[in-house]
Amino acid sequence: MQNHTLKYLHLVPDSPLPELKGMGQFQAIVIVDGEVAEMSMWELARGLVESGCMLALVWGKDCEAWREALEDAALEAADYDDVPAERAVVVTAHEDDELEEVFWYARHRAAHPALALRETLIVHIADAARREELEAAYHDA
């Protein structure tokens, strides 16, 4: 099991990503429970990459579109050049998995090919926050 510091961020659909203070390079679990406009999705993807997201696991509504947005944001951040392994952003979509499986994978198997990521950020996009429930499910995985 990987030892990660866990943080939770609730975003109402179409709200901007706040500054992620105190975070270095991190793993994100993006849980999309609400409808998000395409432009907002792309801005959030760019913001996560710019903030240090190096590994993202996406679950929920339109997770394949989110995967594509995060991969494109990573390419854009690298000016569409080849990047060394330590700067590569790894993204997975989990449309056919249960959320508990995503949490288990994030805790026990997900790894960046060149970096030891010690922080995990749950980005929960929904009308209402579920911090305690999602953090408990993550820790139980």
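**Exercise 1. Is Asp-62 buried, partly exposed or exposed, and at what relative accessibility?**

Before we start, the ground rules: this is a predicted model, where local features need pLDDT of at least 70, side-chain atom pairs count only at pLDDT 80 or more, and totals for chains, interfaces and linings use all residues. Residues are numbered from 1 along each chain as its sequence is written, and side-chain values use heavy atoms, with hydrogens and water left out.

*Solution.* 
- Recall the classes: buried means under 20% relative accessible area, exposed over 50%, and partly exposed in between (1.4 Å probe, protein chains only).
- Asp-62 comes out at 49% relative accessibility, so it counts as partly exposed.
- Now place it: Asp-62 sits in the loop between β3 and α2 (63-77). Helices (H or I, at least four residues) and strands (E, at least two) are DSSP runs, numbered from the N terminus.
- Check the backbone too: phi of Asp-62 is near 55°, a positive value in a residue other than glycine.
- As background, most residues other than glycine have a negative phi.

**Exercise 2. Describe the surroundings of Val-30.**

*Solution.* 
- Val-30 is in strand β2, and its relative accessible area of 0% makes it buried.
- Skipping residues up to four places away in sequence, it touches Leu-48, Leu-57, Val-58, Trp-59, Trp-66, Val-123 and Ile-125. Contact means heavy atoms within 4.5 Å.
- Gly-60 is 30 residues away from Val-30 in sequence and 8.2 Å away in space, C-alpha to C-alpha.

**Exercise 3. Find the aromatic pair and say which helices it links.**

*Solution.* 
- Rings of Phe, Tyr and Trp (its six-membered ring) pair if their centres lie within 6.5 Å; planes under 30 degrees apart are stacked, over 60 edge-to-face, and the rest tilted.
- The structure holds one such pair. Phe-103 and Tyr-138 are edge-to-face, 5.8 Å centre to centre with 85° between the planes.
- Phe-103 lies in helix α3 and Tyr-138 in helix α4, so the pair ties together parts 35 residues apart in sequence.
- Both Phe-103 and Tyr-138 are buried.
- There's a charge to include as well: Arg-107 lies over the face of Tyr-138, 5.4 Å from the ring centre. The criterion is NZ of Lys or CZ of Arg within 6 Å of the ring centre and within 35 degrees of the ring normal.

**Exercise 4. Check the length of helix α1 (residues 38-51).**

*Solution.* 
- The expected span is 1.5 Å times one less than the number of residues.
- For the 14 residues of α1 that should be 20 Å, and the end C-alpha atoms are 20 Å apart, which agrees.
- The buried residues of α1 pack against β1, β2, β3, α2 and β5; Trp-42 and Leu-48 are among them.
- Just after α1, Gly-52 takes a positive phi of about 115°.
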